[in-house]
Amino acid sequence: MEMEHFSHEHPLKLTDEAQRNKRDEEILCDGCRESIIGSAYTCSECEYILHKKCAELPKQINHPMHIEHPLTLFSHPPYSYSLYSLFSCTCNVCKIYGWKWFTYHCSICKFDVHIHCASEKSEIKHEGHHHPLTFVERSSLFDCDACDTKEEDVSYRCTTCPFWIHKACAMLPRTITRSYDDHPLILAFSLPTNYHKFEQLCRICHMIVRPSYWSYHCALCRYFFHLKCAMVEKEPLTLRAVEEYLDSNLMNFPLPDKSVDAISRYVKLISLKDVNDIAREIFHPSHKHLLILLDVQSDDAEMINTELCRGCSRRISVSFYTCKDCNFFLHKCCAELPREIQHPLHAEHPLRQCWPKYFFSYTNCDLCKKFTSGFVFRCSTCNFRLDVHCACLPKAIKHDAHDHPLKLETQISRCSGCNNFTRTIYGCATCSEFNLAICCVNLSRTFKHEWDHHPLTLSYPPFSYHPDEFICEICEEDIHPNYWLYHCRQCDQSFHTNCINFDLYSDVKFGGTLQVENHPHPLVYVRKSKSKFPSICSQCGLTRYDWPVLECACCNFQLCHNCGYRIVESLPSTS
């Protein structure tokens, strides 16, 4: 079927989508500048194309906002110049400016209406509301009951109740597909009741999705999106920007349980020594005796598989140095750490390596917030401290929970793993929708727990294979299905990551005894676990739950860390 159209010099032929040239780019109508889907009139001699509905618009109409004269259809506004650009106008209905395409025009009054406003239905029935909605042609500034934003736009309004929505919201499709999502997103006119148990956050902006407003969601993945966030596709980075973060040598996380891989890799990257130049005996400034190198598989090493490294406070798992005179163990990689580093999170000053003064000494890391009795890198000016695990974290990593590389940076963001706000993250440079707190980066791939005889696996949403709710076996509370958890598929047991694998004192080495003058029995360095009753220091009376103390095994005498430190400092032998 062919037609002669006033807007074009060549005949136009009606074609369907399959007949047109298949191009990757979006095809826009030359009448209304909206995407063409389905039948359209096309020119075989050039690329001119019109929607079927645009090509068949009446040449003249009467409009209720301009009853004095009829309006005539023009292929573009009939002005040789305007305030905005050549052959453009401002629609007298919706006040949009710079319109350059099909326009209904009154030449007497210079009244213009673009074809969207000219063909708008005066009343519609929308499934998002139980009353008919009336079209409001004049642009208004109001709070939209669909998208929860205050913007100026033409609108649809209910004359029975105060319901009022933007025209753009009324025209939203029921389903959309985004390039970063595996499933289509469905438009919901309120938060489904089965999701009310948890606070739902938008996957793009990480702000709350309010239950009474419209949103897009994926029922399989249990993800939600604000209307405006869902409709905006972020442009991909240029090749040069992506190459900045692509590195075949990026370290992959999560690491195995209690791994020292990050320290070993860091030492290899900065080492200037020949790999074959291995010192069999060393003196290390953290210990007064000679240290001898042993392989973790050797016969001499079998008895120490439960011992902890004095550098990283992790179980001995790779080659290590040991002292034959006392119970001292140090991973080879920890022994080879530099005495001073420059760290991107504290670029103002260098960080110098420090080690505990006494066997019961410990300090906290300013990045992961955990306590450690191992080595730390400390700024002598600012007292900024990093334990060796955080100090050796790479500037960029790969993580199984996300497709793109993650870069270490300082900015306040919400963690995609635990939903907590943090000021230091590994953020995605490609899609800007994924951030990880350091505590989540440090979570191990698997975890062995006494409540399950299988190793528990760190699991990430979406949990489409598990449509039921998750309940933590430890705290017996529901687990939010949009955040990480530890799970055993064989037993169908689940655990909050914080309940099972976040222990502030997990990198503190306990054991060792101290003899003090004001008590007849030796004191053992132990951790007082959580209980109904607090621990009370016999020296200063300080009361706490779940903390390290020097405790007498024979009686109820206890010393807190600070009192033990003061007593040892006052002894003549240590002065």
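Which residue is the bridge partner of L485 in β37? The bridge partner of L485 in β37 is H496, and the legends below set this pair among other details of the predicted model. In this predicted model, local features need pLDDT of at least 70 and side-chain atom pairs count only at pLDDT 80 or more, whereas totals for chains, interfaces and linings use all residues. Residues are numbered from 1 along each chain as its sequence is written, and side-chain values use heavy atoms, with hydrogens and water left out.

**View A. Strand β36 and its two pairing partners.** Strand β36 spans residues 485-488, strands being DSSP runs of E with at least two residues and helices runs of H or I with at least four residues, numbered from the N terminus. β36 pairs in the antiparallel sense with strand β33 (residues 452-459) over three bridges, where two strands pair if DSSP finds at least two bridges between them. β36 and β37 form a hairpin with four residues between them, and D492 in the turn has a positive phi of about 55 degrees. Both faces of β36 are covered, with L485 and H487 buried on one side and Y486 and C488 buried on the other; buried means under 20% relative accessible area, exposed over 50%, and partly exposed in between, with a 1.4 Å probe and protein chains only. In a regular strand the side chains alternate between the two faces of the sheet.

**View B. The open sheet β18-β19-β20-β21.** This open sheet has four strands in the order β18-β19-β20-β21, with antiparallel pairing. Its edge strands are β18 (281-283) and β21 (329-331), each of which pairs on one side only. Neighbouring strands of the sheet are turned by 30 degrees against each other on average, direction ignored, with axes taken as lines fitted to C-alpha atoms, for helices over the stretch in contact, and angles running from 0 to 180 degrees between N-to-C directions. Three bridges join β18 to the antiparallel strand β19 (residues 290-294), and F283 stands opposite L290 in β19.

View C. R222 is found in the loop between β15 (215-218) and β16 (223-225), and counts as buried because its relative accessibility is 10%. Leaving aside neighbours within four places in sequence, R222 is in contact (heavy atoms within 4.5 Å) with residues including Y195, F463, D468 and N482.
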